[in-house]
Amino acid sequence: MKYEEICAVCPGICKPACPVYKVLPRQPVSPQGIIRSIALFRKGHVEASELYNIFHCVACGYCIKACPIDNPVIDIILEARGRYGYEELEVKQPEVISIDGNRYVWIMSGECESIYLDNLRRLIPRLSESLTIIDASGIYRTYYLGNEGSYEIYKDRLVQLLDEVNADWIFTDSIELTSMILKVADHDIYLDIELLYHHIKDKNIALKENIREPIIYFSSCNPLANDKAKGYTLKILDMLNVEYIDGREYTHMNCCGAGGIYRYTNNNISEKMAKHLYNELSNIGGSILFDNWKCRDHLDRYINVSHLFEIMDLVI
Amino acid sequence: MDSFEDRYEEFYGELGRILPTDRYSDSIVDRIIYSRDYWPLKVFGEAMDGEIEVPRLVLYPESTEDVAYIIKLANRYRIPIIPYGGGSGVVGAAYPSKNSVVMDLSGLNYIGEVDDENLIIEVGPGVLIFDLERYLNSKGYTLRHIPQSFPEAEVGGLIATRSTGEFSSKYGGIEDLLMSLEVVLPNGIVIRTKKVPRRSVGPRIEEIFIGSEGIYGVITRAVLKIRPIPNIDIRKAYVFDNFLAGIKAIREMARYDIFPPVVRLYDREEVHLRFAEYPDITGKSLLLLIFEGYDDRVVLEADYAEKILNKYGKEYTSDPVDKWLDKRFDVISEISRILSIGAVYDTIEVSGLWSDLPSIYNSVKDKASSIKGVITVMTHLSHIYRHGGCLYFTVGGIPPENITLSEFYHSVWKTIMETVLEYGGSISHHHGIGLMRRRWISREHGDGVYLLRALKESLDPRKILNPYKLIGDDDEI
Ligand SMILES: Cc1cc2nc3c(=O)[nH]c(=O)nc-3n(C[C@H](O)[C@H](O)[C@H](O)COP(=O)(O)OP(=O)(O)OC[C@H]3O[C@@H](n4cnc5c(N)ncnc54)[C@H](O)[C@@H]3O)c2cc1C
Ligand code: SF4
Ligand code: SF4
């Protein structure tokens, strides 16, 4: 049986794991509902243009974790988006927007560069002298809206830009971006927190005074590379010698809605997700920590949260 | 204005005056997703390219007021409304027809504060039982209502089907865990019953709605009885030469008030399928037990049980209990295996007194196994009472050539239902009636069915709430 045919006959064991279903509790946007409608489309019961629900998924991967047979829900949905998605997709192509030297190249995936960069530069002073920024904020649209053709073009252009800048270190704030480019390009690409780890590991660093322990650490939900990100964050927290708790023990809201595509396609749901998570996290006490800037930025509108960059001081 | 179309147009036109547009949808994707619940006949029918009948509209109310408004409007224009919870019902109780409107209650998912002094909690019908249990556990409490559909079913659906959970032998079914209800009646009036542990003020109003499959009213709130989460559990397994010896052993345990929450006795066919990695018990019957509680009483209870059970069988490693706990919600591995060989299955649960269970078991096995196309009839006994228990049959087979899926299903069901009635059992222990079992409801209740029909007639004379389900005539849909 094909994967989508299996979901179509499943009662939906993964339903409670889906953060979108949590804020929009309707069968058609549950993982089972989405995949079943794709199966029904393939049988001719629905038109491609009517598959609105394939865009109701933030690709967090929690359904896959909950699925007893690991059905690759994200692949099925992204493939459907690629085939039946927005054909007239307008995508901002990647471009080099600032060159201060090219020792470090930062591939920026969101619109959050200024505070993020200030923080990063504070911890890695050398970044101020030597940084090339590539604006790759269009990648979310191409990837998560799944326009396959446009994504291929996008990826090629990005790799070409990387070839042009002759950098010592290439890093990114985006886990997805890293994993995807790594698949095609012959470059070593580091996650921002990985880069940070390499730079501070022999230094004397301390927790900022205003940060309250315990730290409630909320790892990024993206299944493509979250183990990698989490690994570095935990190493850094160890270096800081702080007490931390896994935030996911306190909430079943697996995603804050920052990732995926909701911020472009359905901001209302993305905000509902953030508020839901906020409600569950707000009464724990302690400081809430993210290692993904987009999550931090998204939740920051509702609750006091920090990114890993913001909780530490270099003690010189 | 008498055709359905005319009435529907008026209904649809007025709906938008009060309900925001994002609370209803006539998108084909939405309608097709609600075109069935988890009635296997329709699930497999869809997979095998059977016909799909889609409802006209899907409603997504978010409050009691939304529900009351919709019901009043539906009443004015005589529009059938099908309450829909998690859609995990297996007898077609939430199955809509093409001239009906589905009302998904999942948006009424309020979870109130735990009332620790009285050990109760108020919730909306749309709360997933999984989410509720998780929430309660995080605060140190439990409802302990854990059906196999734990990830999918919602509180309202569980009440409306009179469901029971895997831990029921100690804690009871949903009827034992429910204190009071808020219900929107078919005329739009909202009633709320009182929160008290018991009262002598006439028949219990809540009972009208427990197991009513949405035909008498729409549940919009429920007050549930909770308890502190048990902190001790003891897992045990026993092996018996045959299923009937196991039944005798369990009966004696129940007679002396030993009710572990989980009691599951598998016959040899089910042992063969589910516990194949334990070759030494092939051909035998296996009993899984979980005892739990807060202190030494749990140990004492398990010890007493052991004395009784060892008279009839032998203690076995408790590994199979862990295995069962680990895999119990995974139905999809098995379903995909069954379908990939072109087979189908259904589960049929019935109940009876201890004295009737052996003959029900033997006759159902005999008769169902001899139906052309049936490959296996497996059975377990679970949900026990001092006076009897539930037999849960799983029938698997491949429809023979020239016989449709529907004819195959109906022949299996007819055989089992009639056998159970013949031997004095009840046609359903917890899945309910829906469309699948309607044909036998009169034989189940005898003249009592007129009472249920009269109640429907007086509460819902215009037949707007889930018509034809539970007590409807077979040819009505
Ligand atoms: C894999 C699997 C395992 C199962 N295991 C069990 C089990 O262990 N124990 C058990 O008892 N059942 C079990 N079932 C059956 C099913 O889960 C139950 O019948 C459950 O109670 C249905 O709940 P639901 O929320 O899915 O309701 P639905 O299927 O959506 O609806 C069921 C009925 O309730 C009505 N209804 C729903 N919400 C309301 C409301 N708010 N007000 C009025 N009427 C309403 C519907 O109209 C319909 O008649 C299982 C099903 C599956 C698929
Ligand atoms: S992903 Fe797995 S659990 Fe979810 S609907 Fe599909 S088969 Fe079922
Ligand atoms: S990947 Fe996440 S958002 Fe998408 S269907 Fe699965 S659980 Fe829901």
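The legends below accompany close-up views of a predicted model.

**View 1. Overall confidence of the predicted model and its chains.**
The prediction as a whole carries an ipTM of 0.96 and a pTM of 0.94. For chain A the mean pLDDT is 85, with 93% of the residues at 70 or more, while chain B averages a pLDDT of 96 and has 99% of its residues scoring at least 70. Within chain A, confidence is lowest in helix H13 (residues 262-265), where the mean is 70, and highest in helix H3, where the mean is 96.

According to the domain assignment, chain A divides into domain 1 (3-84), domain 2 (95-200) and domain 3 (205-314).

**View 2. The interface of chain A and chain B.**
How many residues does each chain bring to the contact? Chain A gives 34 residues and chain B gives 44 residues, and between them the two chains bury about 3,100 Å², with carbon and sulfur atoms accounting for 64% of that area. On the side of chain A, the residues that lose the most area to chain B are A:Val9, A:Arg26 and A:Arg36, which together make up 21% of what that side buries.

In one salt bridge the side chain of A:Lys43 meets that of B:Asp49, with an N to O distance of 3.2 Å. Helix H1 (3-8), helix H2 (19-23) and helix H3 (31-42) of chain A each supply at least two residues to the side that touches chain B, and the largest share, 5 residues, comes from helix H3 of chain A. Sorted by class, this side of chain A holds 17 nonpolar, 9 polar and 8 charged residues.

**View 3. The interface of domain 2 and domain 3 within chain A.**
Here 29 residues of domain 2 of chain A are in contact with 31 residues of domain 3 of chain A, and the area buried between the two domains is about 2,800 Å², of which carbon and sulfur atoms give 71%. In domain 2 of chain A, the residues that lose the most area to domain 3 are A:Ile175, A:Ile193 and A:Tyr197, together 23% of what that side buries.

**View 4. Charged pairs and secondary structure between domain 2 and domain 3 of chain A.**
The count of salt bridges between these two domains is 3, and 5 residue pairs across their interface are in polar contact, with both residues at pLDDT 80 or more. On the side of domain 2 of chain A that touches domain 3, two or more residues come from each of helix H6 (113-123), helix H8 (139-144), helix H10 (175-184), strand E5 (189-191) and helix H11 (192-200). By class, that side has 17 nonpolar, 5 polar and 7 charged residues.

**View 5. Salt bridges of chain A at close range.**
Over all chains the structure holds 49 salt bridges. One of them joins A:Asp313 to A:Arg122, whose closest N and O atoms are 3.5 Å apart; because A:Asp313 lies in strand E11 (residues 312-314) and A:Arg122 in helix H6 of chain A, the pair ties together parts that are 191 residues apart in sequence. In a further salt bridge, the side chains of A:Asp173 and A:Lys294 meet at 3.6 Å, N to O.

**View 6. Two backbone details in loops of chain A.**
Most residues other than glycine have a negative phi, and most peptide bonds are trans. The peptide bond from A:Glu213 to A:Pro214, however, is cis, with omega near 0°, and A:Pro214 lies in the loop between strand E6 (205-207) and strand E7 (215-218) of chain A. A:Asp70, a residue other than glycine, has a positive phi near 50°, and its place is in the loop between helix H4 (62-66) and helix H5 (73-84) of chain A.

Notes:
Residues numbered from 1 in each chain as written. Chains lettered and ligands numbered in written order. Heavy atoms only, no water. Domains from an automatic or database assignment. Contact = heavy atoms within 4.5 Å. Buried area = accessible area lost by both parts, 1.4 Å probe. Salt bridge = Lys/Arg side-chain N within 4 Å of Asp/Glu carboxyl O. Polar contact = N/O pair within 3.5 Å; in protein donor to acceptor, adjacent residues only side chain to side chain. Helix = DSSP H or I, 4+ residues; strand = E, 2+ residues; numbered from the N terminus. Nonpolar A, V, L, I, M, F, W, Y, C, P; charged D, E, K, R; others polar. pLDDT = per-residue confidence, 0-100.
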